[in-house]
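Colleague: I have the sequence and the model open side by side, and I'd like to go through them with you. Could you start with how the elements are named?

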Amino acid sequence: MAQTRSRDVPISAMGLLFSSPLGVAAGVDRNGEKLAALDLAGFGHIELGTIAIGETLTIGLRPQGLRIGVNFGSLRPGMDEAVITDYSAALRQVYGSSDYLCANLTSPRHGRDGNSDGVDALICRLRDVRDLCASETGRRAPLLIKVDGGSPGDPLPKAILEARRQTLDGLVLVCESAPRIAAIKRHVGTMTLISVGGVRTARQARERIDAGAALVQAHKAFVDGKLRSVSGNGRMFDDRRIRAKRVPRGKPEDGDALSPFAPRTGSDPSSVLDGVLESAAFQEVGSRPAMTTSTLSTITCPSCGHRATEMMPVDACQTSYECKGCGIVLRPKPGRDCIFCSYGDVACPPVQARRAASAEAGTCCGACGG
Ligand SMILES: Cc1cc2nc3c(=O)[nH]c(=O)nc-3n(C[C@H](O)[C@H](O)[C@H](O)COP(=O)(O)O)c2cc1C
């Protein structure tokens, strides 16, 4: 049964809101250099990475409308204790930059997949490290694994069974078979599925959603040229191949009920992917003002004066903070529920968003109750 969903209605998954079900898979923008362009194109999320320990992300100002997942792994082969330690350290390293975390288990180059010996120990450890980071920061980032879903009839990969046992938040599922996606969804129940692999048309995106995926990612759509002209400076430019494919509105193409270039305002999710492609190919999106949010704030301890610059959560208020100078645990000032809005030089992202919208300064975000 096809779901209908307006592009303007955010999708709720893993406790986060996504402006669109369509995101960009890992490998397209490994370090976060193209965030503004991808946001302006209309994507709901980008999965950065794969990042290994010591490799850096270059996220500075982050667009408001784009969720950021960070896919992480290890440069070592196999799945021994050293590799598990690498993954754990990488998780810690990217925690503050991620709306969600994704441990990559699709790495044939390193001899790792969802059935590797030790994958259950890895998932168990990562769950513990994530829980520790959550208690340290006051923000719980969803933890997923990226895993190959296999083919219909195959036994489920060990990693999926363990992810369910450890109550991870979801799977980035590499799988092109809608029946297989549906079968895995039945097994994992409330865990979120992000479907990736072979998504090039609106019909394919819709099939994945109908099979139980909450979100869909594209990668080869870029490689094939549809979106390869995404540039790092926040602008997008026409692509000849897209232009050549342009068809009159309403004319079906690739078996889709909707034209790839139908208006984006419809409520059918099949318009989402093509709407984004249309946006990338035909809109001079650089003319739209980029909405950027600062995610760094320098906290000054009211007790000892120690200053520390911290990464802020993008969608929630942080309600406690331990001073790195004197160790005192700061709580929000009266009337504020957020330590950044109380002691930081930059207000929290929800407040920034509200200020940008209302041009009202000095108030706390709605979520803070200030
Ligand atoms: C050139 C290239 C680089 C990729 N790099 C990564 C990566 O670093 N980490 C990862 O998890 N997946 C990576 N992938 C896999 C993609 O994220 C995606 O899972 C895969 O390409 C299937 O989606 P598609 O059919 O839309 O291309 C890469 C794929 C390609 C083609």
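Modeller: Helices (H or I, at least four residues) and strands (E, at least two) are DSSP runs, and they are numbered from the N terminus. With those names, a glycine that comes just after helix H3, glycine 138, takes a positive phi of about 80°. Please keep in mind that this is a predicted model.

Colleague: OK, how many helices and strands does the chain have?

Modeller: There are 11 helices and 16 strands in the chain, and of its 370 residues 47% count as buried. If you take the contacts between residues at least 6 apart in sequence, 59% of them join residues at least 24 apart.

Colleague: What is the mean pLDDT of the chain?

Modeller: The mean is 77, and 72% of the residues reach 70 or more. Over residues 1–8 the pLDDT is below 50, although this stretch has 16 contacts in the model beyond near neighbours in sequence. Residues 277–291 also have a pLDDT below 50, and there the corresponding number of contacts is 34.

Colleague: Back to H3, then. Which of its residues are buried?

Modeller: The buried residues in H3 are Val119, Leu122, Ile123, Leu126, Arg130 and Cys133. They lie on the same side of H3, because they cover an arc of only 95° around the axis. The other side of H3 has the exposed residues Asp128, Asp131, Ser135 and Glu136.

Colleague: And what do the buried residues of H3 pack against?

Modeller: They pack against helix H2 (81–94), strand E7 (100–104), strand E8 (143–148) and helix H4 (158–165). As for the length of H3, its 19 residues (119–137) should span 27 Å at 1.5 Å a residue, and this agrees with its end C-alpha atoms, which are 27 Å apart.

Colleague: H2 next. Which of its residues are buried?

Modeller: In H2 the buried residues are Val83, Ile84, Tyr87, Ser88, Ala90, Leu91 and Val94. Their arc around the axis is only 160°, so they sit on the same side of H2, while the face turned away from that buried side carries the exposed residues Glu81 and Ala82. The cover over the buried residues includes E4, strand E6 (67–73), E7 and H3.

Colleague: Switching to the ligand, which residues come nearest?

Modeller: Of the 18 residues around the ligand, Ala25, Ala26, Gly27, His219 and Lys220 come nearest. By class, the shell has seven nonpolar, nine polar and two charged residues. Strand E4 (45–52) and helix H7 (220–223) each supply at least two residues of that shell.

Colleague: What about methionine 14, is it buried or exposed?

Modeller: Methionine 14 counts as buried because it has 22 C-beta neighbours inside 10 Å. It lies in the loop between strand E1 (11–13) and strand E2 (16–18), and its phi is near 60°, a positive value in a residue other than glycine. Most residues other than glycine have a negative phi.

Technical notes. Residues are numbered from 1 along each chain as its sequence is written. This is a predicted model: local features need pLDDT of at least 70, side-chain atom pairs count only at pLDDT 80 or more; totals for chains, interfaces and linings use all residues. A residue is near a molecule or strand if its C-beta atom, placed from the backbone, lies within 6 Å of it. Ala, Val, Leu, Ile, Met, Phe, Trp, Tyr, Cys and Pro count as nonpolar, Asp, Glu, Lys and Arg as charged, and the others, Gly among them, as polar. A residue is buried if 20 or more other C-beta atoms lie within 10 Å of its own, exposed if 12 or fewer, and partly exposed in between; C-beta atoms are placed from the backbone. Two residues are in contact if their C-beta atoms, placed from the backbone, lie within 7 Å. The expected span of a helix is 1.5 Å times one less than its number of residues. The arc is that of the directions from the helix axis to the C-beta atoms. pLDDT is the predictor's confidence in each residue, from 0 to 100.
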